[in-house]
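Have the structure open as you read.

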Amino acid sequence: MSEYLLEMKGIVKQFDGVRALDGIDLKIKAGECVGLCGENGAGKSTLMKILSGVYPHGTWDGDILWDGKPLVAHSVRDTEAAGIVIIHQELMLVPELSVAENIFMGHELTLPGGRMNYPAMYRRAEELMRELNMPDINVALPVMQYGGGHQQLVEIAKALNKKARLLILDEPSSSLTTSEIAVLLKIIKDLKAKGVACVYISHKLDEVAAVCDTISVIRDGKHIATTPMEELDVDRIITQMVGREITAMYPRRDHEVGEIVFEARHMTCLDVDNPKRKRVDDVSFSVRRGEILGIAGLVGAGRTELVSAIFGAYPGRCEGEVWMNGARVDTGTPLKSIRLGLCMVPEDRKQHGIVPDLNVGQNITLTVLKNFSRGTRIDAEAELKTVTEEIARMRLKTSSPFLPITGLSGGNQQKAVLAKMLLAHPKVLILDEPTRGVDVGAKAEIYRLIAELAKQGVAVIMVSSELAEVLGVSDRVLVIGEGKLRGDFVNQDLTQEMVLAAAINQSPPQRMHVATPSAA
């Protein structure tokens, strides 16, 4: 019997003659957690789709051995029957159904006659939640009653209910808080102790280092290295991923800051589902030409609601004033904002950033399509020239501008959304979680791009849940807590502890200085 639970040998996958995977090997023992690392577009998701049966046997070359025997899977149902379960980055839950119904979806327990056996499903769901150290979850409540961290655990409970022996976690912490991530990592360690194997895919390399026993790195569809984690550190993983050392993740802030070009006055947003609750409560701030303003705060603080209202994209009721260059402007819709030079890259690129039915090039030119209109037709040649230039400038990995945007990795979709907004030549650019789900190499590129835009005089507003990112990039930091402005600080000797203290409304340390218009 093989010492490995899983062996993938010489895996090759082609799309339209282009090799997405070129001879990848992967081995995993029972109870082992393997970190699968690589830049966006390296082939991680493609490899996992092969392993989980999304790409059926016969559509790729190579061999997969499971418990030492060939695995021939024609569908996800086949791999799940074997004990291989994938948890995708976008949770596959039905919000309106209960926790128990989501856990048993497709595997319902029934009574004679076909009726659902709810008592049995509730008992088993409660057992699973206790196993995951979450005994207080009411499994009869709709899953939408719980936050992202709890929903992630429901997905893990679904996998355990399918008797998973190998759990694939694809960016499992991308929308979790720090405390929720700690719970997730502890659960993975507990699962390992019970003999469950895991593949952990994440761009958060500190998590990878904390939970993984072995690191496998792939780059451009090729296997680069498989190394025990005890022989690595985060910097060495990065070097293997990108093929070069990234000496400075954050560029030097050496751009000049000029006069005030943007003001938001008395912004207030009411909750979409409960209009009596304010998600943003009377927030005012200004931004100067060439300034990078970071907006920090805990999850649910109201940061996304604030910038969405400014851009004209908030779905609920909101009020307030937006001023640009000393004049009040109408930003009631995203189109009006873009025409004013106020552009935004949204937090949820899949829902609000891309148009999935269009190709890469069409998504990039959406904001400036009028530039290519010649009467009743589009100058396709001029449009393609612009698209090609943007793909090169953003180092966007795509085999063709005509490839469907959904065929790109998450990080490359993000670059396409960024390119789309930059083509509109923004005077003020709002970036909401610009590096979420983006690898370290692409992150460094985005940071450098933000610094270049600031040098060119663009006022940048960046919302981020990563405090290190906010402090590494910003000239000034706003802190939002429970919908209120809790602080406006010059980023000099500012620490994560100081920002967190302001976010939770504790008295900040004495050396934290509030920014004044002259200091900003």
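## Rings, charges and a strand residue

Y250 is partly exposed, as its relative accessible area is 30%. Keep in mind that this is a predicted model.

The model has four aromatic pairs in total, and the table shows two of them.

| Pair | Centre to centre | Angle between planes | Class |
|---|---|---|---|
| F262 and F285 | 6.0 Å | 45° | tilted |

The tyrosine pair joins distant parts of the chain: Y250 belongs to the loop between α8 (234-242) and β11 (260-270), while Y447 lies in helix α15 (residues 440-455), 197 residues apart. The phenylalanine pair links strand β11, which holds F262, to strand β12 (residues 278-288), which holds F285, and the two are 23 residues apart. Both F262 and F285 are buried.

Rings also meet charges here. The charged end of R265 sits over the ring of W323, 3.9 Å from its centre. K13 lies over the face of Y55, 4.6 Å from the ring centre.

Finally, have a look at E319 in strand β14 (residues 318-324). Is E319 buried or exposed? E319 is exposed, because its relative accessible area of 51% is over the 50% cut-off. Leaving aside residues up to four places away in sequence, E319 touches H266, M267 and T268. The C-alpha atoms of E319 and S98 are separated by 35 Å, and the two residues are 221 residues apart along the chain.

Conventions:
Residues are numbered from 1 along each chain as its sequence is written. This is a predicted model: local features need pLDDT of at least 70, side-chain atom pairs count only at pLDDT 80 or more; totals for chains, interfaces and linings use all residues. Side-chain values use heavy atoms; hydrogens and water are left out. Helices (H or I, at least four residues) and strands (E, at least two) are DSSP runs, numbered from the N terminus. Buried means under 20% relative accessible area, exposed over 50%, partly exposed in between (1.4 Å probe, protein chains only). Contact means heavy atoms within 4.5 Å. Rings of Phe, Tyr and Trp (its six-membered ring) pair if their centres lie within 6.5 Å; planes under 30 degrees apart count as stacked, over 60 as edge-to-face and the rest as tilted. A charge sits over a ring if NZ of Lys or CZ of Arg is within 6 Å of the ring centre and within 35 degrees of the ring normal.
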